[in-house]
Structure formats: C-alpha cells, structure tokens
Amino acid sequence: MQTFCQISKRNFAHRMIDLSKMKNQAKLSSHRTYTREPANPKIFCKGDFTMNKVYSMHDAVAKFVESGDCICFGGFTTNRKPYAALSEILRQGQTDFTVWAGPAGGDWDMMIGEGRVKAYINCYTANSGYTNVSRRFRAAIEAGKLTYEDYSQDVLMLQLHAASLGLPYLPVRLMQGSGLMKYWGISEEQRKALDKVDDLKCVEVENPFNPGEKVVAVPVPKLDTAIIHVQKASPDGTCIIEGDEFHDVDIAVAARKVIVTCEELVSDEYIRRDPTLTRIFGECVDAVVHTPYGAWPSQCYNYYDNDSHALKEYDKASKYQDAEDAVKQLAKAADKAQKAAEKNPDDAKAAEAYAKAKQAAEDAANGVKIPETFKDYLQKYVYGVKDHEELLDVIGGAQLMRLKNEPHLGYSTRH
C-alpha cells in the first residue's frame, strides 16, 4: 500500500512512502497509547499507522527551533499568538531569525526588544486596541537597529499562501503606484549579505498573457520553521482551528518544521468524528505541545479573551527598554513639557503637566521611582518562571477564569 505524505524537509513537494517498510521500523502497540513528554516521538499503530508527535515545550523548541531559522508565527496581532512557545525560545536563547511576521503583535515585539531578529519582513506590528505601533519594534527602527522590509498586508498574506503552493515567485497588481515599490527597507547591497533574504524586494515584469501589461513580481518565503497555536490537536498533529484561520494553514504547509501548541490534546478518534473541522493535516506537523492558555495574553477564539490588564501593562512597560532608558526618556519628556509650559505661560494644564513630568524625571534619576520597563515585564512573565505551567501560577487561577469566554456571548465580560 502506498500513500502520499508530506515530509518535514519537503520544499512544497510530496514523496511516496511505502507503509510496509515503515511497519518494520514501527513500535507496535495492541492499544492506542501515548505519553505526554516522550524523549523522542515513536510510531504506534492499531490497524493503521498513527504518529505520536507529542513533546514537552522545552523539547519541541530545543529540537525544531534553531538559531538562524527563517521563521513565522501564526495568529493575528492579539489573536491566537503562540506566546508560550515564544517565551520558551527566549529562555533557551535561539537568535538571528529571519522573520516573515505577517500581522504581528507583542510576540515579535518581544523578540525584537531582546535582539533576536536578524531581518524582519512585515506589514505591521501592533497590539491592536492597546498599542497602535509596537514600541520595541518602533524604537529599533528609529534607532537604526532593525533590518526591516515592508510589504502591504494583502501582498504579504498572498506571499505566505504562495509559499504553501510551492510557487517560485508571485505576480500581483497590488502595491503598484505606491511608495512600497519605490522605497526599500533592505537595499540590494544589504540583501546580498543576508543568506535568507531574497536579492530583490519586488520587480515589475510584463504579463506574458497580456503583452504590455506590467505586474509586480514579489518573492515567496522559504520558511524553515512555523509555530502555530490551535484550539485542538491530536497526537499525530491533526489540528482543528476554530474561528479565523489567518495565515496559519499556509505556513503549516510551507515550513520544513512545524510546532503546534494546543489548548486541548484530543484523541485521533475525536478528530475523525467530523473531518470537516480539520484545518491542518498531521503530515504537516512535527511536534504537538499541549499548552492550555498557550496564547495568553492574546485571545483564543471560543476559549478565552485577551488579557486586557496584561496587554495594558505591556503597553506601558515596553515604552522603556530598561531602567537606564526610562531615566533618559523621562528626562526628555520633562524638557518637552517645560518648553510647552514656557510657550503657554497662562495654560494651567501645561504647567501642571510640566510639574508632573519634572517630578517623574527626578524620581527616576534619583532611583526613587522607576516605572516598569520592558526588561522588568520579561523578567516577570518569561525569565522569572521556568515554564508555561509556572507562568499560569503567576497569572493566577482567578484571573484565568475571568478570561474564559461566556458561551452565550462568545467573549468574556470580565477580562
């Protein structure tokens, strides 16, 4: 018996696999069983072959996320972002990523703030409703410390889809006539030194089916790794995504290595009850990690709402990289407030604002009161805990329960 099966090093192709050969290598089991944290996933079978790809978070990240990877996260700004996996990457230290970020949020803002990004290809980065432009991302660009390329959102999402189809490049009409064609964040010269960034951002070419018509050819991502958070997954990697899929299915097909974190680890029999719910096939997935609240502080449709308190805390903390940066920025804010007050001497509000800014700057300079910083936030929620389970204890059960969706509404009224 033969079947088509996507493999981890697949470059968008398929390979014939003879299941009779696999049978000799498989560990047979008279009953379906799997362990939560195997050192190495093994094959179990019961009439057919089922891959058990369940890993601990530590082992999945250690095996499938490598420094220098071309990588993409699933989700959308504050929706189903794989924060638990991101935190484990930060703890383990992998770095120098070439990133196709899609519509990013605090996930990639944290990675940028920690200096883990070598090149960043994006359409926008924001915690929608909390931070219009993510602060560490913006600070890195303003300081000239981030190698960054910009595409429109529609084009970037189509590029990720083209990667799932195995296209060599993508012709589009979008971006024509805009500054995105003229202005490149990464120059041709810089691109030559970046092994996982294409030599060109875009180029106008003639449509061979309509001579004289110009279209824009853009590159297609060559992803090493994708990390996606889903609602349900089975041990063989088959995934159910509830609500919007975003670009998650595309990157699961396109990437050589795929880690899926899930709210619920369900049986293969559960998946088979309704195949129409399946969004990601197990053949695409290399590791499955059972991670309740794995998208926190972002939301996970049908499970929990975003944690507005944590997102507001991050918005304020990410204004300042560290204590030294806080002192400098508060001093600048006091100078700006002073100039505004001097310009409008009869404005009581301006005078009051200057007094507050001056006091805050003096308190920070003297070490009396320094506001929470980006580094403080990460120490509290990432480095100060050993794993995701310990993080949930820090957040607290009462707060996690407040985030849970109310079925009759589809969201939480207490988050």
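These legends accompany close-up views of a predicted model.

**View 1. Helix α11 and the elements that surround its buried residues.** Helix α11, which spans residues 308-317, is mostly covered, since 7 of its 10 residues are buried. The buried residues are S308, A310, L311, E313, Y314, D315 and A317, and they pack against α4 (106-113), α5 (135-142) and α14 (374-383).

**View 2. The N-terminal end of helix α11.** The N-terminal end of α11 is capped by D307, which places a side-chain oxygen 3.2 Å from the backbone nitrogen of H309.

**View 3. W108 within the largest nonpolar core.** The largest nonpolar core of the predicted model holds 52 residues, and W108, M110 and Y120 are the ones with the most contacts inside it. Helix α3 (residues 83-92) supplies the largest share of this core, with 6 residues. Leaving aside residues up to four places away in sequence, W108 touches I71, F73, V99, A101, V117 and Y120. Another core, of 40 residues, lies apart from the largest one and has I121, V220, A226 and A233 among its members.

**View 4. T77 and the residues around it.** T77 lies in the loop between strand β5 (70-73) and helix α3. Is T77 buried or exposed? T77 has a relative accessible area of 2%, and because buried means under 20%, T77 counts as buried. The side chain of T77 is joined to that of S128 by a polar contact of 3.5 Å. When residues up to four places away in sequence are not counted, T77 touches P103, A104, G105, Y124, A126 and N127, as well as S128.

Conventions. Residues numbered from 1 in each chain as written. Predicted model: local features only at pLDDT ≥ 70, side-chain atom pairs only at ≥ 80, totals over all residues. Heavy atoms only, no water. Buried < 20%, exposed > 50% of the residue type's maximum accessible area, 1.4 Å probe, protein only. Helix = DSSP H or I, 4+ residues; strand = E, 2+ residues; numbered from the N terminus. Contact = heavy atoms within 4.5 Å. Polar contact = N/O pair within 3.5 Å; in protein donor to acceptor, adjacent residues only side chain to side chain. Core = buried A, V, L, I, M, F, W, Y, C linked by side-chain atoms within 4.5 Å.
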